[in-house]
2 protein chains.
Amino acid sequence: VSSGRTPRARTSVRRLPEKQVADRAALDRLLDAALVAHVAVVDGTQPFVVPLAFARDRDRLLVHGSTASRTFRALAAGVPSCATVTVVDGLVVARSQFESSMRYRSAMVLGTFSTLHSGEKERALAVLAARLLPGLDGARTPSAKELKATSVLELPLEEWSLKVSGGHPEDDDGDLDRPVWAGTIPLHHTWGEPEPAPDLAPGIDVPPAVATWPEGRA
Amino acid sequence: VSSGRTPRARTSVRRLPEKQVADRAALDRLLDAALVAHVAVVDGTQPFVVPLAFARDRDRLLVHGSTASRTFRALAAGVPSCATVTVVDGLVVARSQFESSMRYRSAMVLGTFSTLHSGEKERALAVLAARLLPGLDGARTPSAKELKATSVLELPLEEWSLKVSGGHPEDDDGDLDRPVWAGTIPLHHTWGEPEPAPDLAPGIDVPPAVATWPEGRA
């Protein structure tokens with residue numbers, strides 16, 4: 001089941017359909033690796049694309065932001081939206097410019113966001129914290145005032161498509177004899193050395209959860 | 001001049017305005033570092049957000065794709081669009097979940113794409129190749145047939161905004177005494193060891209242009 005319930009045609013991949021992946025586990029791997037979704041909000045005929053930190057929670061995407069934000073107000077109003085999540089994994093250098101491309105994984109989720117309310121909202125924020133700040137359970141949970149200022153929305157993972165381009169250059173036979181290098185240059189996304197906050201109290205070491213932060217996030 | 005000619009309000013940053021950057025040089029640095037823009041196309045009321053490899057060429061963004069692609073046909077028809085370019089630079093771990101955030105740079109460009117035709121089109125494709133495959137001038141340039149199958153579009157850099165969040169956690173005074181680590185975990189985007197194509201002829205070494213591929217792309 002590559003693209004959820006209805007209507008399939010909107011999320012079917014017409015160009016380069018060989019790159020379409022119908023594997024829900026592959027979708028989840030991408031969504032669990034990525035930190036940011038690019039979410040569309042349309043105002044009249046003008047679309048806006050906004051980067052939002054997100055987390056997958058089973059069969060939905062969760063995002064959070066300020067209740068005062070235009071984006072969150074528009075999304076909460078239930079306008080049709082699209083959340084696209086992309087990770088670039090490398091450059092594919094072919095013997096022709098035309099066949100040169102990228103290694104990437106990209107998921108598109110269509111649907112309508114809806115607002116989570118008391119109870120559900122706190123649980124969703126805990127999931128967001130667990131996904132975006134894994135292992136860091138020392139951080140203070142939101143106060144009543146902070147909760148009130150925060151909008152938490154969910155987008156169901158029903159209508160989606162996934163494209164994965166992970167291969168090598170595919171040159172025309174006529175180009176194979178060109179005396180130029182061809183191959184892939186992988187792009188890695190890796191965590192660097194943690195930088196303590198300037199106002200960190202002395203004697204607090206980098207916790208194991210930070211030192212062993214999962215690689216592969218991007 | 002942070003957001004171009006008219007109307008400024010659409011690209012002004014209302015939330016967290018302290019993160020808005022009006023510096024064109026900072027915009028160019030982000031656009032020249034990033035490989036992919038997330039571009040919106042609206043069909044009726046439904047937006048679609050599509051990741052597109054892009055290049056900045058002076059005061060415009062260039063993208064290319066198949067003339068048969070729905071996205072490129074819609075963009076070429078001149079519908080209002082938005083291209084958003086985001087690089088995540090790290091996770092900001094505060095003493096509260098509420099203040100935890102990300103280091104990121106994100107640019108939003110509003111406008112209408114237009115199609116480049118003969119002459120302009122070839123020059124734009126050369127710019128795209130130079131930006132996305134720098135130093136690799138051995139690759140064959142497009143044939144007449146390939147050119148015909150390729151749509152090249154430009155989006156003027158007129159109406160834009162830039163948000164840069166590069167700092168440290170900013171905890172409430174009341175949270176500073178919590179005995180938990182706070183700081184930033186940088187996210188680096190680095191090129192890995194080049195992988196030769198399986199069908200690469202023997203005796204062709206990795207060229208210096210690949211070995212010295214510019215870091216900082218993401």
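Student: What do the buried residues of H3(B) pack against?

Tutor: This is a predicted model, and in it they pack against elements of two chains: strand E4 (80-93) and strand E5 (101-112) of chain A, together with E2, E3, helix H4 (144-149) and strand E7 (150-156) of chain B.

Student: Which residues of H3(B) are buried?

Tutor: Lys121(B), Ala124(B), Leu125(B), Leu128(B), Ala129(B) and Leu132(B). They sit on the same side of H3(B), because they cover an arc of only 140° around the axis.

Student: Why would that spacing put side chains on one side?

Tutor: An α-helix has 3.6 residues a turn, so residues three or four places apart point the same way.

Student: And how far apart are the end C-alpha atoms of H3(B)?

Tutor: They are 18 Å apart, which agrees with the 18 Å that 13 residues should span at 1.5 Å a residue.

Student: Switching to H1(B): what do its buried residues pack against?

Tutor: Their partners belong to chain B: E2, E3, strand E4 (80-93), strand E5 (101-112), helix H3 (120-132) and strand E8 (159-165). The buried residues of H1(B) include Leu27(B), Asp28(B) and Leu30(B).

Student: What does Asp23(B) do at the start of H1(B)?

Tutor: One of its side-chain oxygens comes within 2.9 Å of the backbone nitrogen of Ala25(B).

Student: New topic, backbone angles. Where is Arg58(A), and what is its phi?

Tutor: Arg58(A) is in the loop between strand E2 (46-57) and strand E3 (60-66) of chain A. Its phi is positive, about 50°, although it is not a glycine.

Student: Is Arg58(A) buried or exposed?

Tutor: Exposed, because its relative accessibility is 68% and the cut-off is over 50%.

How values were computed. Residues numbered from 1 in each chain as written. Chains lettered and ligands numbered in written order. Predicted model: local features only at pLDDT ≥ 70, side-chain atom pairs only at ≥ 80, totals over all residues. Heavy atoms only, no water. Helix = DSSP H or I, 4+ residues; strand = E, 2+ residues; numbered from the N terminus. Buried < 20%, exposed > 50% of the residue type's maximum accessible area, 1.4 Å probe, protein only. Contact = heavy atoms within 4.5 Å. Polar contact = N/O pair within 3.5 Å; in protein donor to acceptor, adjacent residues only side chain to side chain. Expected span 1.5 Å × (residues − 1). Arc of directions from axis to C-beta.
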